[in-house]
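Hi everyone, thanks for coming.

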Amino acid sequence: MSGGREWGERGLGEALARVSRRGPRAASTTLPPPRASDWTGKFTGRSPVALRPRTEAQAAAALARCAARRLAVVPQGGNTGLVGGGVPLHDEVVLSTTRMVGVTRVDAAAGVVSARAGTTLAALEAAAAAAGLTIPLDLGARGTCAIGGNVATNAGGARVVRYGTLRSTVLGLDALLADGTRLDLTRPLRKDNTGYDLKQLLIGSEGTLALITGVTLAAPRATVAPALAYLACPTWAAVQDVMGLARARLGEALAAAEFVDAASVALATAHLSHVSNPFPSSAAPYFVLLEAAGVDGDHDAAKMERLVGEAFATGAAVDGVASAAGARPAALWALREGVPVALRHAGACYKYDVSLAVADFEGLVNECQKRATAARGDAVAVGYGHLGDGNLHLNVSHPGPMDARVLAALEPWVYEAVAAARGSVSAEHGIGLAKASLLPLSKPRPAIDLMAAIKVAFDPEWVLNPYKVLPADAARAGAAGGRAGAG
Ligand SMILES: Cc1cc2nc3c(=O)[nH]c(=O)nc-3n(C[C@H](O)[C@H](O)[C@H](O)COP(=O)(O)OP(=O)(O)OC[C@H]3O[C@@H](n4cnc5c(N)ncnc54)[C@H](O)[C@@H]3O)c2cc1C
């Protein structure tokens with residue numbers, strides 16, 4: 001085969017032996033996609049080998065071997081990350097968890113589920129649902145992303161407004177340090193006030209501190225029958241009014257609060273045959289999707305209907321549908337979840353996942369559209385995202401390949417604008433490769449220096465995902481302070 005190779009169980013030892021013999025820079029082969037490139041196609045690197053251990057012991061042996069030879073390792077789950085964190089950049093060994101699968105515990109009484117790191121989110125959801133539980137995390141990549149990758153990226157998704165991020169729901173983690181030593185943080189305790197919480201450091205560490213091998217989550221009771229509403233709003237102020245109504249009228253039953261703008265709807269319906277527009281003749285610029293899911297479906301549906309009536313009465317909505325209590329209506333969610341997929345089909349896409357005050361979303365999208373249009377007439381700015389979490393997915397799309405003029409018009413402006421508004425340059429996708437140099441826009445220097453010191457404490461040889469998360473200068477300083485020379 002002309003590209004690199006993937007070794008499973010049988011060839012694991014052989015692969016490691018070969019890579020070890022040849023040294024980190026010796027391999028010149030390139031892995032074929034998908035392992036050396038990402039879902040967006042924006043990041044493509046090189047790797048001599050992808051290891052896919054089946055057991056934790058094999059993964060530990062692989063890490064120990066790589067650490068001894070100072071071979072850099074990139075952990076990879078479902079490879080659906082959007083910031084290039086799982087892509088090997090130069091010649092790192094890819095350590096994939098895709099064979100380390102299986103739900104290991106479902107305790108309906110305690111509301112606890114555990115799974116091995118490579119288990120897909122969809123498989124974990126199915127196992128939890130069979131026991132009357134739900135996973136407090138949901139996102140469009142559920143069929144491919146792995147729970148280990150979800151934790152490593154502290155993935156957000158549509159349920160954060162209800163359950164918080166994974167930081168609030170991960171009860172235990174099993175992990176391997178860079179040299180293969182097991183770090184057992186698996187006690188599934190809701191209260192454990194014993195000093196530094198190391199699992200919190202691993203959540204969102206994007207493969208730079210340890211390989212997560214097992215995850216235990218608090219899994220709430222599955223709600224019986226979600227009620228949905230999809231509302232067309234005449235202004236951005238109206239969108240915020242609807243959000244206020246949702247918090248006030250749905251209370252703790254509020255399970256999701258998402259928004260799409262008209263450009264998102266046009267894009268999704270143009271590129272995806274399974275997506276349709278509930279209000280094809282609406283001229284409204286914004287649409288809000290609300291989900292209520294409490295313990296009494298009829299009660300939630302009634303609350304949702306009252307909310308919709310109030311939104312009409314106050315002018316916050318000019319069109320709307322409310323579903324009766326029942327299964328999660330697939331068509332409305334398909335529209336919202338279809339937007340990132342449609343963007344992928346539409347051509348070039350400049351993706352920005354940012355946090356800022358909801359009041360500032362509209363201004364940022366409009367300014368983005370102005371800048372994009374000045375650079376190129378057919379560029380469209382698209383805004384959608386997690387309204388309840390203050391998380392805007394701002395994208396610019398145009399046909400054909402990426403255009404340097406558009407990129408120059410958008411970056412670094414967009415990140416500087418977010419920083420000036422005291423927002424975050426990464427709301428939920430992480431830092432990875434894409435945003436390492438932008439970290440100083442969201443974190444003060446002493447915080448970055450502490451992050452580098454933590455990296456050295458976990459991984460003194462700088463073996464795990466060495467080119468990700470930390471900006472190059474902090475990585476160099478951290479690596480020099482430790483024993484390694486990478487960066
Ligand atoms: C259609 C679509 C919709 C999405 N929607 C959302 C969304 O709503 N919210 C959201 O937050 N994200 C979303 N994402 C992004 C992505 O799905 C998440 O970041 C997801 O958590 C990544 O999981 P993964 O298994 O694919 O990780 P990967 O892409 O394989 O890896 C991501 C990072 O985690 C590290 N990593 C992976 N596994 C491990 C491990 N076992 N131990 C240590 N480090 C590891 C990698 O090195 C890398 O840095 C979406 C992506 C797509 C394609």
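Two housekeeping points. Residues are numbered from 1 along each chain as its sequence is written. Also, this is a predicted model: local features need pLDDT of at least 70, side-chain atom pairs count only at pLDDT 80 or more, and totals for chains, interfaces and linings use all residues.

So, confidence. pLDDT is the predictor's confidence in each residue, from 0 to 100. The chain averages 91, with 91% of its residues at 70 or more. Residues 23–30 are below 50, though that stretch has 16 contacts in the model beyond near neighbours in sequence. Residues 483–487 are also below 50, with 17 such contacts. By contact I mean C-beta atoms, placed from the backbone, within 7 Å. Where pLDDT is low, the predicted coordinates should not be read in detail.

Next, the domains, whose bounds come from an automatic or database assignment. We have domain 1 (5–96), domain 2 (103–218), domain 3 (227–337), domain 4 (347–440) and domain 5 (443–481). Nine residues of domain 1 are in contact with nine of domain 4. On the domain 1 side, those are five nonpolar, four polar and no charged. Here Ala, Val, Leu, Ile, Met, Phe, Trp, Tyr, Cys and Pro are nonpolar, Asp, Glu, Lys and Arg charged, and the others, Gly among them, polar.

Now, which residues come nearest to the ligand? Of the 38 around it, they are Gly77, Gly85, Gly148, Gly149 and Gly207; being around it means a C-beta atom, placed from the backbone, within 6 Å. The shell has 15 nonpolar, 20 polar and three charged residues. Helix α4 gives the most, four residues. Helices (H or I, at least four residues) and strands (E, at least two) are DSSP runs, numbered from the N terminus.

On to the helix pair. α8 (residues 236–250) and α10 (residues 297–314) pack at about 145 degrees, axes 10 Å apart. Axes are lines fitted to C-alpha atoms over the stretch in contact, and angles run from 0 to 180 degrees between N-to-C directions. Their contact residues are six nonpolar, one polar and five charged.

Last, the backbone. Most residues other than glycine have a negative phi, and most peptide bonds are trans. Asparagine 154, however, has a positive phi of about 50 degrees, and glutamate 411 and proline 412 are joined by a cis peptide bond, omega about 5 degrees. Proline 412 sits in the loop between α13 (404–410) and α14 (413–420).

Key
Two residues are in contact if their C-beta atoms, placed from the backbone, lie within 7 Å.
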